[in-house]
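Colleague: Please show me the model, and let me ask how each label was reached.

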Amino acid sequence: MTLQIELSGVNKYYGAFHALKNIDLSIKKGTFVALVGPSGCGKSTLLRSLAGLETISGGDMRIAGKLMNGVPPRKRDVAMVFQSYALYPHMTVEENLTYSLRIRGVKKAEARKAAEEVAATTGLSQLMKRYPRELSGGQRQRVAMSRAIIRDPQAFLFDEPLSNLDAALRVHMRKEIRSLHDRLHATSVYVTHDQIEAMTMADHVVVMKDGVIEQQGSPIELYDAPVNRFVAGFIGSPAMNFVPAIVGDDGLHLSLQFGAGLAAGNLRLNQPLKPGSRILAGIRPEHIQLTEAGKGQFSLPVAVVETTGSATFITTATTPEISMVVQGRSNVKSGEQVGFAIDPALVHLFDETTGKRI
Ligand code: ATP
């Protein structure tokens, strides 16, 4: 597979502020990549640098094999799709679509034919004569995407394109964007702060924090083997529980420490660790099973029980608190003492100080 986008050692400074730190990223043609991370981690800066809207301070950036350092945005052959749509309000859908072709000298009839073809793919054929103000949010988003598609770019760059839409439409548009990507055999880079969006849409997820790539891989790789506490806590919903733990005298058991002298459970380790050492145990809410009191490795008091109908969320009255998810309903009540069972193979272990995966 050929590489469509290649970043090596990319750095970006805003004055003294180091916004991108030694970014290495290789994106194969046809891949959907999500850049995800908390506010201010540098994901938009990375995307804007790819588009040529920011000048990088160091490193190399290649698109379709060509070095892009210093190449102006319009010569990069990439198309940006923003959350603000950036449609021309005084132009119809058709004019919005044909505009970029017309300014490149494409004949009117040819541009119109291209617009009709794209509109058929994106479901806009019936709306070509409307103005942006006469469209719903989802339809505007489709016009913005169609305008990108019509240029047949080397890559699509999405900057949080769905954050203006309501929750239901967002879920719908996720699928629409992903299926368009597949049909067009496109290469897409998608910025979002929403890890669910990243996990559900992308083939390859890049998790960033403070200008650094913390980890990149397939959604399942990130979920199954997060390299550190940050990624472990960021990927997955509800978020992973972290509990301080002490390795037993045999080096093969772990007891979880819930403050105030409450130690609970006796989790068997898959690998021997130094007896007496302190680590951080990471347990996903969906990996904890409810048992009868007295069964399972733990017995803990329940603080809060919430139900959505399809699932029940239980939070313990411990420090730190533990949250767990039970599929369907549960009779557990606040104040009860409940048994919990955890498959030790599903417990993640992290260094207490560095947060790195053990
Ligand atoms: P968000 O989700 O909030 O948009 P982000 O991950 O996209 O966050 P960036 O917009 O890439 O973050 O910004 C990364 C860091 O660089 C932030 O700390 C931001 O304050 C800083 N930054 C961005 N643009 C500039 C600028 N023009 N001048 C100075 N600092 C900037």
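Modeller: The structure holds two cavities of 30 Å³ or more. Keep in mind that this is a predicted model.

Colleague: What makes a space a cavity and not a pocket?

Modeller: A cavity is a set of points where a 1.4 Å probe fits but cannot get out, whereas a pocket is an open set. The largest cavity has about 80 Å³ of space, and the second largest cavity has about 50 Å³.

Colleague: Which residues line the largest cavity?

Modeller: The lining is made of Met145, Ala148, Ile149, Phe156, Phe158, Ile177, Leu180, His181, Leu184, Ala186 and Ser188. Helix 4, strand 7 (155–159) and helix 5 (167–184) each supply at least two of the lining residues. Helix 5 gives the most, with four residues.

Colleague: How do you know how many residues of that lining are nonpolar, polar and charged?

Modeller: By class, the lining of the largest cavity has nine nonpolar, two polar and no charged residues. Asp, Glu, Lys and Arg count as charged, and the list of lining residues names Met145, His181 and Ser188 among others.

Colleague: Which residues line the second largest cavity?

Modeller: Leu256, Phe258, Ile283, Ile288, Phe298, Leu300, Ile322, Phe340 and Ile342 line the second largest cavity. Strand 16 (298–307) and strand 19 (337–342) are the elements that give two or more residues to that lining. The classes are nine nonpolar, no polar and no charged. Leu, Phe and Ile count as nonpolar, so the lining of the second largest cavity is put in that class.

Colleague: What is in the lining of the largest pocket?

Modeller: The largest pocket holds about 620 Å³ of space. There are 22 lining residues, and Val78, Ala79, Met80, Ser100 and Arg151 lie nearest the centre of the pocket. Strand 6 (78–82), helix 2 (93–103) and helix 4 (137–149) give two or more residues each. The largest share, five residues, comes from strand 6. By class, this lining has 15 nonpolar, two polar and five charged residues.

Colleague: Which residues lie nearest the centre of the second largest pocket?

Modeller: They are Pro344, Ala345, Leu346, Val347 and His348, out of 17 lining residues. The space in the second largest pocket is about 240 Å³. Helix 7 (219–224), strand 13 (263–268) and strand 20 (348–351) each supply at least two residues of the lining. The lining divides into ten nonpolar, four polar and three charged residues.

Colleague: Now the rings. How many aromatic pairs does a search of the whole structure find?

Modeller: The search finds seven aromatic pairs. In one of them, Phe32 and Tyr190 are 5.6 Å apart from centre to centre, with 40 degrees between the planes.

Colleague: Why is the pair of Phe32 and Tyr190 called tilted?

Modeller: Rings pair if their centres lie within 6.5 Å; planes under 30 degrees apart count as stacked and over 60 as edge-to-face, so the rest are tilted. The pair has 5.6 Å and 40 degrees, and is tilted. The pair links distant parts of the chain, with Phe32 in strand 3 (residues 32–36) and Tyr190 in strand 8 (residues 188–192), 158 residues apart. Ring pairs also link Phe32, Phe156, Phe158 and Tyr190 into a cluster.

Colleague: Are Phe32 and Tyr190 buried or exposed?

Modeller: Buried means under 20% relative accessible area. Phe32 has 0%, so Phe32 is buried. Tyr190 also has a relative accessible area of 0%, so Tyr190 is buried.

Colleague: What makes you say that the charged end of Lys209 sits over the ring of Phe230?

Modeller: The distance limit is within 6 Å of the ring centre, and the charge must also lie within 35 degrees of the ring normal. The charged end of Lys209 is 5.1 Å from the centre of the Phe230 ring and is listed as sitting over that ring. Arg229 lies over the face of Phe242, at 4.4 Å from the ring centre.

Colleague: Why is helix 1 called largely enclosed?

Modeller: Seven of the nine residues of helix 1 (residues 43–51) are buried, so the rest of the structure largely encloses helix 1. The buried residues are Lys43, Thr45, Leu46, Leu47, Ser49, Leu50 and Ala51. Just after helix 1, Gly52 takes a positive phi of about 90 degrees.

Terms used. Residues numbered from 1 in each chain as written. Predicted model: local features only at pLDDT ≥ 70, side-chain atom pairs only at ≥ 80, totals over all residues. Heavy atoms only, no water. Phe/Tyr/Trp six-rings, centres within 6.5 Å; stacked < 30°, edge-to-face > 60°. Buried < 20%, exposed > 50% of the residue type's maximum accessible area, 1.4 Å probe, protein only. 1 Å grid on protein atoms, 1.4 Å probe; cavity = no way out; pocket = protein on both sides within 12 Å on 5 of 7 lines; lining within 4 Å. Points joined across faces, edges and corners; volume = space filled by probe spheres on them.
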